[in-house]
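Reader: I am new to this structure. Please take one residue and its surroundings, and describe that part closely.

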Amino acid sequence: MNLLKHIPFKTSLLFIVMLIVLDTSYYFHFKEQLIINQKEKIILLFNSIKTNIGQTSQGEKFVDDLIGQNLRTAAVTARLRLDPDYNKVTNEELAELAKHTGVDHITLFARSGDDIIAVRSSDPKDINISAKGWDTISVAFNQLLNLQEVNVGMGQTLPNYWSGPFDTATSDPEEVNKWGYYYDGGTNYIIDPYVYGESFRKYQEMTGVEDAIALLMRDNQHTALEISVLNSDKLLGRDIPELNPTPSHWFSEREVLFGSYEYRDPEEQKYAAMALASNGTVFYVTESKGKSVLKSFTPINAAHLKYHASGSLPLIEIASDYGEIEEALNQELRSTLMFMGICTLLALVIMAGILWLFKRNKKLAIQDVKEAYVGNIETLFQSVREQRHDFINHIQTIHAFVTLQRYDQLKKYTNTLVGEIQIIHELININDPALSALMQAKIAQAESLHIVCEYDFKHMDRLELSPIKATDVVKMFSNLIDNAFDATAELDKQHRRVKITGDVVNNQLLFKVGNAGPEIPAELKGKIFESGFSSKTGGENSGLGLHIVKQLVTRYKGTIQVTSANGYTEFSIIIPLT
């Protein structure tokens, strides 16, 4: 727990924020991909419906045209058998003729003022029916009576004949029939044979659009809640200009042509109009029947589905359960949150581990410092204790010289004592505790080895703000000094001399260690920094000192040079402090 307290708050917060941003971006990307995938499925479904409608409509049109041709044949047969004047034709005669020609009924229409009415029929319900409410059919009647080719933008036109699509019977709203109308100018009436639409509707249900929609619904239960083909004019509430408005209960006036349309919503007209205007698919999400629904409207170019010449294209409506997408998103959100939690815990554990390693390495570094300093500090303390002991002796000796009035000998004695004090003062002025302790120890070592050790340090206090570890400074100095001491040991006592300088100039640490002694051959200068190499034979030299120095200098991106000539060898090191 104490380790967790040291985890940097800002770093942890930044990591968590970045994780949240990344996961949020992934969540919305996943949502977009799900919606795109669902839309692609709906488009594929629409294409399937469009293909099925195209295929089945060709079969339907073929059957429809065959029925229309049969009705014309029946009408021509009736024309040959009936009197040209409807007043001389009886309803019973028409019933007998209908049986003979294989149609369900035959009706005769004639002008009556500004209207066209049914004057004779094999079906009593049709007698006296007015054609005023039959907008497109009324136009076709007038064109036939004027011996013009019927052109109303729909239905089947043949010589002196026109047949409309299956539609509701005015005399019986429950019936959906197909009529044919024939007039060649030789009678005072239009011959109208017709058949009931039961067989055709069964054909449509078995092989037509309804069957295709039912099959697609079964195969795409997880994609579509409903599929419908809609009369866009009725859906949008558009009033098509009509001379004689078609009754609202007619088959051609229904809103849903095929399929079912139960998932209604308040904005359906707006999006349906957008689909017609763009002639493309429009998607939107809405609430309907207590569900979140993804709906689409797509216009379909199928003229045979139009029941009015000036009517708009039908629309295919597909509704899918958007709740499934939301459930998938919620599941992904739960997974994402779990992933974020695991990542956050892992990050905290990793950061705690890093901090533990950092503290451990710090302890090891401190231990390394202690080990590096302990010998030098002990030597320094021993020197201080000796100097304290000597100080008492010096006071007693000075007192004796004064008492005996031996001033010449006192002056000589105090001059020597002042020199020793100056050495201690210079060590204190190094301004770096590590170097001060090191030099104290090395000076004591030099005295024991009868080596004259000269030193000069400046600006060493600037090392405190540098990235160089104090232990590494001590390692470099001590190894070079030890190397210099070893080199002078081979000389006579009067020739043993070592010079040490250190300075910080232009943000660079400069120090040199030079010694009198044998020169280093040119061919060995490239090898002296190799691990284990030593030019000395015997003894305890391991050949690691200069190798350690070289590694530390390289680590701090510094340089080390060696010059050896005229009985003097010097190692120079430059390390940048940035």
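Author: The backbone oxygen of Asp65 lies 3.3 Å from a polar atom in the side chain of Gln156, where a polar contact is a pair of N or O atoms within 3.5 Å; within protein, one must be able to donate a hydrogen and the other to accept it, and residues adjacent in sequence count only if both atoms are side-chain atoms. The model is predicted: local features need pLDDT of at least 70, side-chain atom pairs count only at pLDDT 80 or more, and totals for chains, interfaces and linings use all residues. Residues are numbered from 1 along each chain as its sequence is written, and side-chain values use heavy atoms, with hydrogens and water left out.

Gln156 belongs to strand E3, residues 156-158; strands (E, at least two residues) are DSSP runs, numbered from the N terminus. Gln156 counts as buried because its relative accessibility is 10%, and buried means under 20% relative accessible area, exposed over 50%, partly exposed in between (1.4 Å probe, protein chains only).

Leaving aside residues up to four places away in sequence, Gln156 touches Asp64, Asp65, Gly68 and Gln69, along with Tyr161, Trp162 and Ser163. Contact here means heavy atoms within 4.5 Å. Lys61 is 95 residues from Gln156 in sequence, while their C-alpha atoms are 9.8 Å apart in space.

Elsewhere, an open sheet of five strands with mixed pairing runs in the order E13-E14-E15-E17-E16; two strands pair if DSSP finds at least two bridges between them. Its edge strands, each pairing on one side only, are E13 (452-457) and E16 (559-565).

Conventions. Helix = DSSP H or I, 4+ residues; strand = E, 2+ residues; numbered from the N terminus.
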